[in-house]
Amino acid sequence: MTLLGNIIWLIFGGFVSGLGYIIGGLSLCLTIIGIPFGLQTIKIGIATLTPFGKINVVAEDSSNLLTMIFNVVWVILFGWEIALSHLVHGLILAITIIGIPFAQQHFKLIPIALFPFGRNLQDVN
């Protein structure tokens with residue numbers, strides 16, 4: 001189910017979304033100040049490419065001051081728009097029975113979109 005879900009996800013918009021995040025992250029990395037934010041955007045892009053079969057994990061170093069400062073700056077500048085986009089797309093997909101698994105993947109990406117510093121998507125083993 002994980003492989004099939006990821007293939008369908010990629011065909012119906014996941015590839016374009018993930019590629020958009022990665023290109024945006026690379027453009028943020030062009031500036032020295034934007035490098036940490038660009039790396040997190042690339043991380044979200046990779047997570048968006050194949051979200052099925054992964055779980056949201058909080059990293060061990062997620063409670064330090066620098067991580068919290070970066071998360072606050074992220075939420076103000078980028079995070080709320082990305083999280084709102086995932087919420088809207090998830091709600092639209094949840095209308096149909098076929099769209100519910102894909103809506104769940106969008107809802108899974110919301111915490112990472114809001115607070116990417118100190119969070120990762122890891123494979124379920």
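Biologist: Which residues does T48 touch, not counting residues up to four places away in sequence?

Modeller: T48 touches W9, G14, S17, G18, Y21 and L109 once residues up to four places away in sequence are set aside; contact here means heavy atoms within 4.5 Å. This is a predicted model, in which local features need pLDDT of at least 70 and side-chain atom pairs count only at pLDDT 80 or more, while totals for chains, interfaces and linings use all residues. Residues are numbered from 1 along each chain as its sequence is written, and side-chain values use heavy atoms, with hydrogens and water left out.

T48 is found in helix α2. Helices (H or I, at least four residues) and strands (E, at least two) are DSSP runs, numbered from the N terminus. With a relative accessible area of 1%, T48 is buried; buried means under 20% relative accessible area, exposed over 50%, and partly exposed in between, with a 1.4 Å probe and protein chains only.

The helix that holds T48 comes next. From its first C-alpha to its last, α2 reaches 21 Å with 15 residues, close to the 21 Å expected at 1.5 Å a residue. That expected span is 1.5 Å times one less than the number of residues in the helix. Along α2 the buried residues are F37, G38, Q40, T41, I42, I44, G45, A47 and T48. An α-helix has 3.6 residues a turn, so residues three or four places apart point the same way. The cover over the buried residues of α2 includes α1, α3, α4 and β2.

Q40 is another residue of helix α2. Its relative accessibility is 13%, so Q40 counts as buried. Leaving aside neighbours within four places in sequence, Q40 is in contact with W74, P116 and F117.

W74 is also among the contacts of G79, which touches W74, A113 and L114, not counting residues up to four places away in sequence. G79 has its place in helix α3. With a relative accessible area of 0%, G79 is buried. A separation of 26 Å lies between the C-alpha atoms of G79 and I7, which are 72 residues apart along the chain. V88 also lies in helix α3, but V88 is partly exposed, at a relative accessible area of 37%.

Helix α4 (residues 100–114) has 15 residues and spans 22 Å between its first and last C-alpha, close to the 21 Å expected at 1.5 Å a residue.

Two packed helices are described by the angle between their axes and the distance between the axes. Axes are lines fitted to C-alpha atoms, for helices over the stretch in contact, and angles run from 0 to 180 degrees between N-to-C directions. Angles under 35 degrees count as roughly parallel, over 145 as roughly antiparallel, 65 to 115 as roughly perpendicular and the rest as oblique. The axes of α1 and α4 come within 11 Å and cross at roughly 80°, so these two helices are roughly perpendicular to each other. By class, their contact has 4 nonpolar, 3 polar and no charged residues. Ala, Val, Leu, Ile, Met, Phe, Trp, Tyr, Cys and Pro count as nonpolar, Asp, Glu, Lys and Arg as charged, and the others, Gly among them, as polar. On the α1 side G5, I8 and W9 meet F102, Q105, H106 and L109 in α4.

For α3 and α4 the axes come within 8 Å and cross at roughly 170°, and these helices are therefore roughly antiparallel to each other. Their contact has 16 nonpolar, 6 polar and no charged residues.

As for the record, an unreviewed UniProt entry annotates residues 6–33, 63–80 and 86–103 as "transmembrane region". UniProt positions are given in the numbering used here, feature names are shortened, and annotations may be inferred rather than shown by experiment. Residues 6–33 are 82% helix and 0% strand, with end C-alpha atoms 33 Å apart.
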